[in-house]
Amino acid sequence: MHRGFVYAMKSNSMTSIAPCNSMSSFHAASSPPISTGLLKIVVQLDAAVEYLMVHKNFQSAFDTCERGFENLEKVAEEEDSRYGDLKASLCTVGIQALAELNQWRGVLGWVLQHFGSADTMPTKIMQMCILLYSKVGEHATMQEVGHSWLHCLDNTALSGYGTVAELYLLHVLIPLGLTAEAQQLVTGDVGSAAFTADQRQVALDLIESQQSSQEGQTQSPSPEATPQMITDDTMPHGSVIQRLHGMLRLLQRGVSIARLRWKLIPVRRFLLTVFLLYLLLVRMDPALPSSFPWVLKLLRLLKQMWYAMFGPYYRANAAV
């Protein structure tokens, strides 16, 4: 179910792992040569990407990311400026591997385990978490985390801050029906930092439209429920009566023909059949197990009547 999420992330430039799957990108990231510890982590990152995208071995991809994080803990963050890029890349591959393993419930906890708090999560990781939990219908999971991240002043200067705010609005607040919180987000400090004036107006129009639809849904079902219930209650009974009348007319026609030609059907058997039909179609629920013997008896009786009324007719035609 979550494979589409992985391919969507591949096609989205903000969460693509393509820049992270070659060691040359990290060599070119800065002029100082890469250290031995970071070089080992880059090799593990390449292996994790290969497990994920080529071999489709998602468990091996995740395990390789975990070993990369263990080695990353041995490297000081101040030692190399590529520390943060490696950490985000390992986390990106790990999230996609967990999604493929259908272990998406543990994604947020796993990410927070490696980043400590929601405020320190990179923009790409926050975007991926919002999209993942939105895809599986767990919008509320990212409500508190996204709120904390967006209201952190250190994150407002990040390049992907506006994208996170947009995803949080469209995939968390609006699906949850939190229109008041959404309006406050757009008109408050977060909206001023994340959106332009035109974008804020579009967002407010969208929120107002969502609020109007919610009000319409809460008002409309009650007056429509009664006619639907009446229709559901009355239609089965009326259809049963119509079918009963049709069967009675058919039986009456057959009895009349049989009595005129062969006089093989007594009136008492006809009345008994009508009574059984009345019990079966009006007074008894055919779905109950107790009704099965009556159904079998009625079926045998109808077969006997059919053979008695029309059997001689067919035999006569066959003889001619």
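The questions and answers below concern a predicted model of a protein.

Q: What percentage of the residues in the protein is buried?
A: A residue counts as buried under 20% relative accessible area. The protein has 320 residues, and the buried share of them is 38%.

Q: What share of the contacts with a separation of 6 or more joins residues 24 or more positions apart?
A: A contact requires heavy atoms within 4.5 Å. Among contacts in the protein with a separation of 6 or more, the share from residues 24 or more positions apart is 65%.

Q: Which residues is Val 111 in contact with, leaving aside its neighbours within four places in sequence?
A: Leaving aside neighbours within four places in sequence, its contacts are Cys 91, Ile 95, Met 121, Ile 125 and Cys 129.

Q: What is the geometry of the aromatic pair formed by Phe 69 and Trp 110?
A: The count of aromatic pairs comes to four. In the pair of Phe 69 and Trp 110, the rings are 5.6 Å apart centre to centre, with 85° between the planes. Planes over 60 degrees apart count as edge-to-face. The pair is therefore edge-to-face.

Q: Which helices does the pair of Phe 69 and Trp 110 link?
A: Phe 69 is buried, and Trp 110 is buried as well. The two residues are 41 residues apart and link distant parts of the chain. Phe 69 lies in helix α4, and Trp 110 lies in helix α6.

Q: Which residue joins Phe 69 and Trp 110 in one aromatic cluster?
A: Phe 69 and Trp 110 form an aromatic pair. The cluster that holds both of them also includes Phe 62.

Q: Are Trp 104 and Tyr 133 buried or exposed?
A: Trp 104 has a relative accessible area of 8%, and Tyr 133 has one of 2%. Because buried means under 20%, both values fall in that class. Trp 104 and Tyr 133 are buried.

Q: Which ring does the charged end of Lys 87 sit over?
A: The charged end of Lys 87 is 4.8 Å from the centre of the ring in question. The cut-off for a charge over a ring is 6 Å from the ring centre. The ring is that of Phe 115.

Q: Why do the buried residues of α8 line one face of the helix?
A: Helix α8 covers residues 143-150, and its buried residues are Val 145, Gly 146, Trp 149 and Leu 150. Seen down the axis of α8, these residues line one face because they fall within an arc of 125°.

Q: Which helices do the buried residues of α8 pack against?
A: The buried residues of α8 include Trp 149 and Leu 150. The helices that the buried residues of α8 pack against are α6, α7, α9, α10 and α11.

Q: Which residues does Val 75 touch, not counting residues up to four places away in sequence?
A: Val 75 lies in the loop between α4 and α5, and at 9% relative accessibility it counts as buried. Its C-alpha atom is separated by 9.4 Å from that of Ser 35, 40 residues apart along the chain. Not counting residues up to four places away, Val 75 touches Gly 37, Leu 38, Ile 41 and Tyr 83.

Q: Where does Asn 102, with its positive phi, lie?
A: Phi of Asn 102 is near 60°, a positive value in a residue other than glycine. Asn 102 is partly exposed, with a relative accessible area of 46%. Its place is in the loop between α5 and α6.

Definitions and conventions
Residues numbered from 1 in each chain as written. Predicted model: local features only at pLDDT ≥ 70, side-chain atom pairs only at ≥ 80, totals over all residues. Heavy atoms only, no water. Helix = DSSP H or I, 4+ residues; strand = E, 2+ residues; numbered from the N terminus. Buried < 20%, exposed > 50% of the residue type's maximum accessible area, 1.4 Å probe, protein only. Phe/Tyr/Trp six-rings, centres within 6.5 Å; stacked < 30°, edge-to-face > 60°. Lys NZ or Arg CZ within 6 Å of the ring centre and 35° of its normal. Arc of directions from axis to C-beta.
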